[in-house]
Amino acid sequence: MTDYLVVDGLRKAFGRETAVDGISFGVEKGKILTLLGPSGCGKTTTLRCIAGLEHPDAGAIVIDGETMTSARERLFVPPERRSVGLVFQSYAVWPHMTVAQNVSYPLEVRKWPRVEVAARVERVLEMVGLSRYRDQYATKLSGGQQQRVALARALIFNPRLLLFDEPLSNLDAKLREQLRMEIVHLQREVGITSVYVTHDQAEAMVISDRIIVMNRGRIEQEGDARTIYTHPANRFVAQFIGQANLISGQVMEVDGLDGSLRVDVALGAGGRAPLRALPPGAGLQRGMRVLILIRPEDIEVGPAGATSRDNGLEGTVVSAVYMGQYLDYQVDVAGVRIRAQAKPGAPYRGGDRVALGVPPAACFCIPEESDGQ
Amino acid sequence: MFRGRAATWPGAEPVLTVGAGLLVAALVLLPVGMLLYTSLRVEEFGEAAYFSLKNYTEFVVSPRILRSIGNTLIVSTGATLLAGFFGIGLAWSHARTNTPGRRILEPFTLVPFFLSPYVGAIAWSYLAAPRVGMLNGWLRWLFGLETDPLSVYNRWGIIWVLALFFTPVMYLFVIGSLRRMDPALEESARTSGSSILQTTRRVTLPLVTPAILSGAILVFVSSAGEFGVPLALGSPFKIETMTTQIYNLTSGSAIDYNASAALSTVLAALTLTFIYIHRRVVLPRGYTTITGRGYRPSLVALGRWRYVALSFNIAYLLMAVILPLLALFLVSISIRWEGRFDPRALTLANYAYVFTYPLSARAVWNSLKLAIAGATICMTLAILVGYTIHRGRGRGRAALDVLSSVPVGFPGIVLAMGILITYIRSPLYSTLWILLIGYITRYIPYGQRMVSSVLLALSPELDQSSRTSGASWITTLRRITLPLLKPGIVAGWLLLFMIFLREFPISVLLYKGGLEVLSVAVWYFVEHEGAVRTAAVAMVQVGLLLGAIFLFRRLAGADELAV
């Protein structure tokens, strides 16, 4: 099945700065894809190219089989003829218009009959819960309400594509979570194909069908939230999504029976320790250099001496911070700092000797060669 | 780079923005280029013209011209120092002290900014000229003096009038800087243990220094380029400045366009150097101290000194606004003028004369026509140019930014000289169009900056969300951009309208019989009619300007003035 939105070999530079460095991806009809990455990774530029607000240097953009941009064919459809709704981080609601005027604008410029405009504005304002503000000046509303105006304005003309450019970044945490859920429901309800740009991984996980992690104008990894969290493709993705302990080592042995690996882990001061890792990364062989990813929440913290069955490491607690749901430990294991998040039931303090237990299934090996850095 | 699929013609955006860009480039580059070219030509009677530096190496360094250059430097320096004293004092007393009535005084302090310095100089001659000056009369009577204590017909007089009229420039820079300053900077000096006066000296003043330098440079450049004041107060007594010499070389018996162009180039080099220093050295040093917090800075309680500050304020208003306008008014309703106002000999005949005498009646209409058309065309160009600079994506935007700001660095008389040389053989010469071209070329930077300052404060996403909503470029301009720009457009239009109503140097150099404007009529009356009729025609101009100021304050607000 061909994708509803196709981005092919997109490249865009501003002066000498390459913002987007030849990326390709597709979005299926009705799905929502998130471009996730740190600021300056090219995600917003990509979005603006799709909207037609930037002229790419190379590549093509196809929406519903219709080519919107093709550098090779010297083709560029201006934004107003793409039928793409865009929600900006800054809301960009027009201060000289009321809520209703803002929302009806896309229909007016399309010369819809007045009666139909009024009816549709009514319906869309109801959808975003702004009916009683219809005659207020839009910028007099709160940030969350302004963003709802922007959302209504982007939805009202039934665009082929809905684009979000960090729409929640200017809102406070509580409102952000609430609006995030509303966007998900609305998107599913309308069934509109969407691209969502954010630097917030939690937001990306809640909202997306698929996530693309971007860095320095390139795609680091594409997949669903679970895959990206548990099987990051490289160091960048592992560190960007969630918290990560990354320990470098070398594969010593590949177990023929269950395919698990024995990895020799380099510790400080020339020390080494063996770790067993399960499941194995694909195609790992003896002698390869790898990064072992261990998420802090997968590590058990117990009293020194009581080594667990597998992968016991002994160390000294550097700091222990009470976080409510868990205790956040920094543990020094022979010169390597390891972060662990344990149930608050085992209250060790700075200086205590502890044993860390890492289940082999929680150790994921990333080959060093594919390291994105 | 790319072409719209359905679009076979280039579309409104490139046509309008590129068109406006090219037009502005031509308007600015042609006269500047012609000026330089002419200054390098020598055309002597009976010989073929040839290229030479002779105009510079022989003419500009002649004692007569060197003396005028010296005079320009002296009066500009004097005016800058004096305007600095007035402007800093007024701004500080309004923004940082408890001077009584400071809120009422503030708008009046700006009034000279809008009035004509040339008319101001004439008004001051009614106040302080030997024999016929009202102030001289009062002082003689008050102190029993035999001779007149005051005279405006010297370099001091020129300095005095220039300083009074350019004080608002300094004032605006300093008060803007004081208002933008984060009060926390001063508060932390106070909590560190310094008194309020120590804080003023050690923290406030250093933070305001870049603004003072900016103001000083602008006052200096405006003074050096000012034409009307030295023409009224210096020229009759052979005290020439560069601007009056440039003019003298284009009229009367000793016409020499090449020499005039050379002197113009020297003056432009002087002012452009200062503007360049301002942009490159002073502006980058400006401290950005803006914060979003709404706390008002604490005020210096002046105690009994606050009445001294009040007197200082009132003294300035008396000298810059009240006395000159009063003198002008009293003279304009007198049957004749011999230095003393006679309430028993009043008349409106002078005004009747102004409105019936063909030259001055014509001048009123010409000025109104030019001001309305000039402000409209100039703002239209400014919108397109400002939009291209801040919203466009074509090449050459930086060049356009420079080109549309450069005329600020050219004194009116210099640019007029370039325009005269450029268009003298075209059919535009001896029509109102040449004046219109002169006005627009010289003042496009004012409009551009008005538009740009609003555009910079508006997110481009406001336009972009209209495009993604399905509106074309031209619809977006009409429904989103222009309405949002409206405050800047209104303020810019009114400012240009006022500037064009009082414009003098460009007009006097480019006009022909039939094309007189208000300032030219004032000048003609000075030369050919008596004091009372001159005062009446000047009052007509002042009246129009005061009306426009009133509108400006109603529609725009004082903060829009800082150009």
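T271(B) touches V221(B), A224(B), G409(B) and P411(B), leaving out residues up to four places away in sequence. The model described here is predicted. T271(B) belongs to helix α13 of chain B, which covers residues 257-285. Its relative accessible area is 1%, so T271(B) is buried.

A second residue of chain B can be described in the same terms. S360(B) sits in helix α16, residues 358-391 of chain B. With a relative accessible area of 0%, S360(B) is buried. Apart from neighbours within four places in sequence, S360(B) is in contact with Y353(B), V354(B), A521(B), F525(B) and V537(B). N154(B) is 206 residues away from S360(B) in sequence, and the two C-alpha atoms are 29 Å apart in space.

**Aromatic residues**

Over all chains, the whole structure holds 29 aromatic pairs. In the pair of Y37(B) and F51(B), the ring centres are 5.6 Å apart and the planes stand at 80 degrees, so the pair is edge-to-face. This pair links distant parts of the chain, 14 residues apart: Y37(B) is in helix α1 (residues 12-39) of chain B and F51(B) is in strand β2 (residues 50-51) of chain B. Y37(B) has a relative accessible area of 38% and is therefore partly exposed. F51(B), at 53%, is exposed, because the cut-off for exposed is over 50%.

Chain B also contains an aromatic cluster. F85(B), F86(B), W124(B), W160(B), F312(B) and Y316(B) together form one such cluster.

The table gathers the residues for which a relative accessible area is given.

| Residue | Relative accessible area | Class |
|---|---|---|
| S360(B) | 0% | buried |
| T271(B) | 1% | buried |
| Y37(B) | 38% | partly exposed |
| S430(B) | 41% | partly exposed |
| F51(B) | 53% | exposed |

**Backbone angles in two loops**

S430(B) from the table has a positive phi of about 65 degrees, although S430(B) is not a glycine. The residue is in the loop of chain B between α18 (412-423) and α19 (432-457). At 41% relative accessibility, S430(B) counts as partly exposed.

S83(A) is not a glycine, yet has a positive phi of about 55 degrees. In chain A, S83(A) is placed in the loop between β6 (75-76) and β7 (84-87).

**Where the two chains meet**

The contact between the chains involves 35 residues from chain A and 27 residues from chain B. Together, chain A and chain B bury about 2700 Å², and 55% of this area is on carbon and sulfur atoms. On the side of chain A, H55(A), E80(A) and Y105(A) supply 21% of the area buried against chain B, more than any other three residues.

Polar and charged groups also meet across the interface. Ten residue pairs are in polar contact between chain A and chain B, both residues being at pLDDT 80 or more. Two salt bridges are found across the interface. E108(A) forms a salt bridge with R479(B), and the closest N and O atoms are 3.1 Å apart.

Which elements of chain A give two or more residues to the side that touches chain B? They are α1 (43-51), β5 (66-70), β6, β7 and α2 (99-109) of chain A. The residues on this side of chain A comprise 22 nonpolar, five polar and eight charged.

Methods:
Residues are numbered from 1 along each chain as its sequence is written. Chains are lettered from A and ligands numbered from 1 in the order in which they are written. This is a predicted model: local features need pLDDT of at least 70, side-chain atom pairs count only at pLDDT 80 or more; totals for chains, interfaces and linings use all residues. Side-chain values use heavy atoms; hydrogens and water are left out. Helices (H or I, at least four residues) and strands (E, at least two) are DSSP runs, numbered from the N terminus. Buried means under 20% relative accessible area, exposed over 50%, partly exposed in between (1.4 Å probe, protein chains only). Contact means heavy atoms within 4.5 Å. Buried area is the accessible area (1.4 Å probe) that two parts lose on being put together, summed over both. A salt bridge is a side-chain nitrogen of Lys or Arg within 4 Å of a carboxyl oxygen of Asp or Glu. A polar contact is a pair of N or O atoms within 3.5 Å; within protein, one must be able to donate a hydrogen and the other to accept it, and residues adjacent in sequence count only if both atoms are side-chain atoms. Ala, Val, Leu, Ile, Met, Phe, Trp, Tyr, Cys and Pro count as nonpolar, Asp, Glu, Lys and Arg as charged, and the others, Gly among them, as polar. Rings of Phe, Tyr and Trp (its six-membered ring) pair if their centres lie within 6.5 Å; planes under 30 degrees apart count as stacked, over 60 as edge-to-face and the rest as tilted.
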